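I opened my notebook to look through one protein, step by step. What turns up when I go from the whole chain down to single residues?

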Amino acid sequence: MKMLLILLLLTLNVVYSSILDARQLDRISLGSKTYFISNILVDNFQAAQQFCNSFGAYVAEVDTEREFQLLQAFQRYYPAIQSLYISGTDCASENRWVHQRTGAQVGFLRWTTGQPSNTWGIENCLELTLAYATGMNDMKCVYPERPIKILCEKDASI
C-alpha cells in the first residue's frame, strides 16, 4: 500500500510538471538570462505580463544587438510564430520607448521597414516580428483581433 501511494504521488508530480511545461514552447539562454516562448496566445500586454510573472519571469526586454540577434534566431526556429510580445511602450510620450516593468528607456530598437507607424494613433506596445521583415513593430497594447504569443525573460537571480 505504501509503495502504491509513493507511485501515485510521483505520477501526479510528473503530470503536474508536464502541465506547467506545456505552457512554454522552448527555452534559450544568454549569459545569466533565460528566454522562453509561450505556448498560448494573448490579446493584450497585461495578459502577457501575467503569463510571464506566473513563471517568475517578465516580458522580454531587448537591450542589445546581441540579445536581439539571438532572440530573432530563436523566433525563426519556429516559422509559424510571426509575432511575439516584447517589452516596450510609448504610451506616456510618443516615440519615447520605455520598459513597462521598470520604466527604463528601451536600450535597443530595430524597426522593420516603415515602423514605427503608430497606425490608428494607438500603437503603443512592441512586438518582435518576422511578418514584414525581421525586427520590431509598434502594435496596439490591446488587440483582440490578433492575439500573439509571448517572449518571456528570466534572470538567474530571480
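The model I am reading is predicted.

**Entry 1: order of elements.** I read from the N terminus on and wrote down α-β-β-α-β-α-β-β-β-β. That gives three helices and seven strands.

**Entry 2: the whole protein.** I looked up burial next. Of the 158 residues, 42% count as buried. The accessible surface comes to about 8,500 Å². Carbon and sulfur atoms hold 59% of that surface. Then I checked contacts with a separation of 6 or more. Residues 24 or more positions apart account for 64% of them.

**Entry 3: L70.** L70 and L30 are 40 residues apart in sequence, yet 8.1 Å apart in space, C-alpha to C-alpha.

**Entry 4: rings.** I turned to the aromatic side chains. The count comes to eight aromatic pairs, with ring centres within 6.5 Å. Ring pairs join F36, F51 and F55 in a cluster.

**Entry 5: charges over rings.** I looked up two cases. R101 lies over the face of Y58, 3.7 Å from the ring centre. K140 has its charged end over the ring of W120, 4.9 Å from the centre.

Definitions and conventions: Residues numbered from 1 in each chain as written. Predicted model: local features only at pLDDT ≥ 70, side-chain atom pairs only at ≥ 80, totals over all residues. Heavy atoms only, no water. Phe/Tyr/Trp six-rings, centres within 6.5 Å; stacked < 30°, edge-to-face > 60°. Lys NZ or Arg CZ within 6 Å of the ring centre and 35° of its normal. Helix = DSSP H or I, 4+ residues; strand = E, 2+ residues; numbered from the N terminus. Buried < 20%, exposed > 50% of the residue type's maximum accessible area, 1.4 Å probe, protein only. Contact = heavy atoms within 4.5 Å. Areas by Shrake-Rupley, 256 points an atom, 1.4 Å probe, with all protein chains shown as cover.
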